[in-house]
Structures are given as structure tokens and as C-alpha cells.
Amino acid sequence: MSNITEILKKNTLEIDDICYLLENSDNSKELFEYAYQIKSKYVGTQVYFRGLIELSNICSRDCYYCGIRKSNQNLDRFKLSKDEILEAAIWSYKANYGSVVLQGGERSDKSFVDFIEEILQEIKAETKGEIGITLSLGEQTEDTYRRWFEAGAHRYLLRIESSNKDIYNRIHPKTDSFENRLNCIKLLRKVGYQTGTGVMIGLPGQTIEDIAKDIFFYKENDIDMIGMGPFIPHHDTPMANDLGDFDKIAKDQFELALRTIAVTRILLKDVNIASSTALQALDSKGREKGLMAGANIIMPNVTDTKYRRGYQLYDGKPGLDENCISSRNTLENSIESAGESVGYNQWGDSPHFKNKRNQ
Ligand code: 5AD
């Protein structure tokens, strides 16, 4: 019997077990199959789509890894109008996606906070309250989180990026605070959101043990939804060359990300896990492979294609000219041919959040 079979039989996995599972690429097939069984048992095999609206690349922050960081002057800044956001939300509604995600560069000035509040109210009104709304708009005050919640958003994604404070500090300017980010995650829960977080996988200096601790971090913080993806350098950022020749390690980076999804599923069981676009950047079938490793959420981009070039968080971000309708059909076909189905017209909330409420 191989070591992995013995590990997977244990009731409690210790950090050494987790590291073994994350590290050993020879075991990937068995690991993914086991994670898939856990996914089928705890969250089912329906995949939920969230129409992703990238509403602006104007950002007040300067994260060293991100292509839309404030200091990057090699891109045109854009901001979708209210009508454009509404149009994308209504498109998602009519395509039966059930939910949208509003994501954008981080701003917390009054006009932005008001704008988001108004757009939330309008999306809700235009879709008869039927579409679910997730926000991914960074660190805000409790008051802002509450206003947006009351205006109709009910899920919020705020990646911790790395739960190792030293790594966090290395990839962000000194003015950023790990403690504040952590506090924001707590505020989101307090306000009542289903709370999502996640990390980048394969960051410079990040060890397998760090990734294992990231997974424990999700558990300790009672996280409902997880969005993780491989770190992919962007040429116009301070971290452009930190991993050397990225082409040489891209495949390993991709596979480590898949194994991280699988181990997260095995440990956390009933949470929602997104199969991120960054997986698709490294493998054209990356998102589908993410589903086979334990993820159950996909966020197809529904932003007008003319804005996609301006939202390159990392090099090679896919979907520059991917049309919404064809991407819906392609995804649906590959999901169905893998024996899964799409949960159309449903919010597809995190079972973990519901299970907590029912306890
Ligand atoms: N590689 C991978 N993911 C990235 N993100 C930002 N820049 C990169 C990059 N270079 C991710 C961050 C952020 C999310 C919106 O995009 O994790 O939270």
C-alpha cells in the first residue's frame, strides 16, 4: 500500500501528511480522485457559474505582483459606466448564471462607495432580487461592508494572498497591513457575508509548509469560499523576474495549484472552491482540471471584451477576446462531458455557510 493511501485513510491529517500530499506529484491521480469523492459527497457535482464583471482597473494599491497596481503606467485605466455594469449583470441573469461577481481595483473614496451601493440596488431591482451578488473590492471599512451588504451583496472575496505574514509583507508595500487584511476578513463575517479568501500558490520564497498552513488558515478562520490560483509573474511589476524563467516552471506551478485545491477540498469538505482563471492561463483546460481536483465554482468573464486588455493582473491572462456566449457553451460542454452539470439559475451558496446556520 502506498503512503498516500494510508494518509487518506487517517481521520486527522497532520501538517506532515498535508505536506506529503502537496509535494508528491506521483500521487496526483489518487489525490484528485479522492478529493473528487469528497466533493461529490459534500457539495455535489453541480458547477455554479458566477458572471465576472471586472468593473475598473483603477487601483489605489501597489501590490508588487499585480499588473494593475497603481504605479504601473503602461496601461490605460478604465471604469465601466453604470449602464455597462448593469448590462453585463443582466446578460448573466438571462444566461441563467444565478450570480455575478463585481471585481475591481481597490478604491474607498466616497464616490466609489456610493457608486457600488447604487449599482447593487439597481442590479437587484433589474433582476427582481433573483441574482446573487459577490463582491471582490478589497479592504473597506465595516460601514462600507455593511452598506454594500444591505444594498444586496451577500458574498465577499478577499484573498489573504499568503497567510504567512513575512511573505505577505514581502509582496506588499510597507504601508499595507497584514493585520488589517485579517481584520477585514473578520468584519465581513461579522456583517453577515459568506466570506471567501485564498492565496497565490508558488510565490517566491513560499514553501510547501507555508501552503499547508494556508489551508489550516482557512479552517481556523471558518472560511466559506476559497479562490486560489498559481502566482504568474506580470512583466510590468517588481516581481516580474522573481521566479526566473517562468516557462520552465509553469507546469509545476499549475500542478501544485491543482494539488492545493485537492487537499483543501479534503480538509474543508463543504466549502465552495473556485477553479480560477489563473489555472486556465497555464493550461487551456485548467479550469476543467480544477473541477476534477475538487473545485465547484467557475467565474466566466462577462466584461465587454474591449476592456479585457486593461485587466491583465498577470501575463497571459486568458479571455482577451473570449466572447461570453461561446465561452458559456464551451464550458457547459466540457462540464457535461466530464459527467457534471451546471447549476443554472441558482445562487449556489456555500454549503459550509448553510451548515453552520443549521447547527
Ligand atoms: N498572479 C496570480 N494571481 C494574481 N492576482 C493578482 N496578481 C496576480 C499574479 N501576478 C490575484 C490576487 C488577487 C486577485 C484578484 O488576483 O490573488 O487577490
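**Around α13.** I began just after α13, where Gly339 takes a positive phi of about 85°. The model is predicted, so I kept its thresholds at hand: local features need pLDDT of at least 70, side-chain atom pairs count only at pLDDT 80 or more, and totals for chains, interfaces and linings use all residues. Residues are numbered from 1 along each chain as its sequence is written, and side-chain values use heavy atoms, with hydrogens and water left out.

I then looked at the helix itself: α13 covers residues 324-337, which is 14 residues. Helices here are DSSP runs of H or I with at least four residues, strands are runs of E with at least two, and both are numbered from the N terminus. From first C-alpha to last, α13 reaches 20 Å, close to the 20 Å expected at 1.5 Å a residue (1.5 Å times one less than the number of residues).

At the start of α13, I found a side-chain oxygen of Asn323 within 2.8 Å of the backbone nitrogen of Ile325.

Which residues of α13 are buried? I noted Cys324, Ser327, Arg328, Leu331, Glu332, Ser334 and Ile335; buried means under 20% relative accessible area, with a 1.4 Å probe and protein chains only. Their cover includes β1 (46-56), α4 (82-94), α12 (286-292), β9 (297-298) and β10 (341-342).

Where does the backbone of Tyr65 come in? One of its N or O atoms lies 3.0 Å from a nitrogen atom of the ligand. A backbone N or O atom of Ile232 lies 2.7 Å from a ligand nitrogen, and a polar side-chain atom of Glu161 lies 2.5 Å from a ligand oxygen. On its own the ligand has 410 Å² of accessible area, and the protein covers 87% of that (Shrake-Rupley method, 1.4 Å probe).

**The whole chain.** I finished with the overall picture: 14 helices and 10 strands. The radius of gyration is 19 Å, close to the 21 Å that the globule rule gives for 359 residues, so the chain is as compact as a globular protein of that length. That radius is taken over C-alpha atoms, and the rule is 2.2 Å times the number of residues to the power 0.38. Along its principal axes the C-alpha trace spans about 60 × 40 × 40 Å. Buried residues make up 60% of the 359.

Definitions and conventions
Buried means under 20% relative accessible area, exposed over 50%, partly exposed in between (1.4 Å probe, protein chains only). Contact means heavy atoms within 4.5 Å. A polar contact is a pair of N or O atoms within 3.5 Å; within protein, one must be able to donate a hydrogen and the other to accept it, and residues adjacent in sequence count only if both atoms are side-chain atoms.
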